[in-house]
Amino acid sequence: MAEKRLTSYQVIILGFLGIILLGSLLLSLPFATRQRVCAPYSDALFTAVSAVCVTGLVVQDTGTYWSGFGQGVILALIQIGGLGVVTGAWSFYLLAGRPISLKQRSTMQDAISAPQVGGIVRLTGFLLKGVLLFELLGSIVLCFVFGRQFGLGRGIWMGVFHSISAFCNAGFDLMGGYASLSAYRSNPAVVLTVCCLILVGGLGFLTWADLKSCGWHVKRYRMQTKIILVSTLLLVVMPAVLFAALEFHDLHGGERVLAALFQAVTPRTAGFNTVDLQQMSQAGQGLIILLMLIGGAPGSTAGGMKLTSAAVLLSTAWSVCLRKEHTQFFGRRVQQQTVRTALTIGLLYLSMFVFGGLILSRAEGLPLLPCLFETASAIGTVGLSLGLTPGLGSLSRIILMLLMFVGRVGSLTLIYAALSGTRSSAARLPEEVCAVG
């Protein structure tokens with residue numbers, strides 16, 4: 001009887017589950033909390049899921065509840081989750097100089113959404129160097145700011161923690177009182193550094209490689225890179241303008257501009273905030289929900305539906321309106337399989353987002369919009385909250401954990417892992433017209 005081997009998708013799923021289990025056990029230890037008592041396992045598990053899935057939703061305040069050891073565990077989980085469990089594991093192979101098998105290279109390809117197996121080890125090495133460089137630069141800037149307030153030792157820890165959390169699009173903070181970075185909303189060094197880390201981490205590792213190889217020769221960029229760059233620019237500028245015009249009326253001048261910019265960037269998908277989200281209008285909260293669902297680029301530290309999926313859906317709708325046969329960008333035609341995949345991802349994400357919100361609303365007896373905000377934050381692996389998460393019951397926490405997990409590993413990854421043993425039929429069925437619209 002032939003040995004059944006795990007597929008790449010199953011390895012990815014099991015890798016994430018294994019790290020979550022390990023992290024939850026470490027956070028359950030007595031010295032993981034400041035009170036030196038064992039945290040309830042439900043709290044430890046929720047925190048581990050949120051950290052590995054780089055979300056930032058918390059049921060206990062990270063800065064005041066967890067000890068230095070507990071915060072260190074959370075930071076390690078964030079870094080592993082941001083890189084991807086598989087990428088992180090193979091990184092140790094590379095550092096140890098051990099050879100990488102073809103099967104392992106294939107798994108790495110699926111983990112970072114690379115177009116081909118060739119050059120995957122070199123790409124992973126480039127990825128690690130880039131991650132360390134950006135996190136180091138962010139840490140240096142933030143250490144100067146936090147060092148003046150908290151002292152040298154504490155300032156360095158705060159700088160490193162928030163730099164990694166921002167780059168990995170996690171949104172965990174150590175400020176205490178669930179205040180996030182609201183005390184620094186008028187500090188350009190903090191706001192702009194965190195924004196840059198979020199955006200760079202959310203561009204995707206393949207985008208980095210394309211920018212490095214092609215430099216300023218925009219015409220040589222791959223279509224995917226162009227879509228990501230243009231979409232990122234639009235989804236920063238347009239929401240920032242809307243927020244500045246319609247929200248934050250109690251702020252003025254540069255402080256209002258910084259607040260609007262930060263709230264345009266952080267839903268993609270970091271989870272920091274510099275303003276009280278509960279004081280925003282429902283229109284502003286709805287705009288944040290939309291940004292959280294879209295998320296960042298594929299193969300990045302960000303979650304969500306992904307920029308490319310949203311762009312393909314919009315372009316497909318536009319092509320239908322213009323009666324064009326194919327979806328296209330920048331003079332290039334998009335493969336039909338890509339369009340079908342984007343449609344499937346969009347339907348899955350929207351369905352889980354809506355049904356999750358409905359279950360939370362019914363289980364907790366809360367208005368629907370705040371519950372949809374929490375589920376969008378979970379499945380988009382964002383971490384922004386209207387203050388509901390710490391008080392949720394067991395069923396609602398399970399729903400959020402499942403949404404965070406799906407949002408990080410990808411809905412199709414779960415489906416492919418579950419259906420790995422099935423085979424598709426090569427037969428073509430008769431065609432018949434079905435009216436729609």
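**Exercise 1. Decide whether leucine 137 is buried, partly exposed or exposed, given its 45% relative accessibility.**

Solution. The structure is a predicted model.
Step 1. Buried requires under 20% relative accessible area, and exposed requires over 50%.
Step 2. Leucine 137 has 45% relative accessibility, so it counts as partly exposed.
Step 3. Leucine 137 belongs to helix α7, residues 120-150.
Step 4. A nonpolar patch on the surface is formed by Leu133, Leu136, Leu137, Ile140 and Phe144. Together these residues have about 500 Å² of accessible area.

**Exercise 2. Compare the span of helix α14 with the expected value, then describe its surroundings.**

Solution. 
Step 1. Helix α14 runs over residues 307-321 and has 15 residues.
Step 2. The expected span is 1.5 Å times one less than the number of residues. For α14 this gives 21 Å.
Step 3. From first C-alpha to last, α14 reaches 21 Å, close to the expectation.
Step 4. The buried residues of α14 include Leu307, Ala311, Val312, Ser315 and Ser319.
Step 5. Their cover includes α11 (223-246), α13 (282-294), β1 (328-329) and α15 (336-364).
Step 6. After α14 comes arginine 323, with a positive phi near 60°.

**Exercise 3. Describe the largest nonpolar core and another core apart from it.**

Solution. 
Step 1. The largest nonpolar core has 105 residues. Ile78 and Phe243 have the most contacts inside this core.
Step 2. Helix α9, residues 188-203, gives the most to this core, with 8 residues.
Step 3. Another core, of 7 residues, lies apart from the largest one; among its members are Val312, Phe329, Val339 and Ala342.
Step 4. Val312 is also one of the buried residues of α14.
Step 5. Isoleucine 78 touches Ala51, Val54, Ile164, Ser165, Cys168, Ala170 and Phe172, not counting residues up to four places away in sequence.

**Exercise 4. Summarise the whole protein: its secondary structure, burial and contacts.**

Solution. 
Step 1. The protein has 18 helices and 2 strands.
Step 2. Of its 437 residues, 53% count as buried.
Step 3. Among contacts between residues at least 6 apart in sequence, 68% join residues at least 24 apart.
Step 4. The accessible surface comes to about 20,800 Å², and 65% of this belongs to carbon and sulfur atoms.

Key. Residues numbered from 1 in each chain as written. Predicted model: local features only at pLDDT ≥ 70, side-chain atom pairs only at ≥ 80, totals over all residues. Heavy atoms only, no water. Helix = DSSP H or I, 4+ residues; strand = E, 2+ residues; numbered from the N terminus. Buried < 20%, exposed > 50% of the residue type's maximum accessible area, 1.4 Å probe, protein only. Contact = heavy atoms within 4.5 Å. Areas by Shrake-Rupley, 256 points an atom, 1.4 Å probe, with all protein chains shown as cover. Core = buried A, V, L, I, M, F, W, Y, C linked by side-chain atoms within 4.5 Å. Patch = residues over 30% accessible without salt bridge, like charges linked within 9 Å, V, L, I, M, F, W, Y side chains within 5 Å. Salt bridge = Lys/Arg side-chain N within 4 Å of Asp/Glu carboxyl O.
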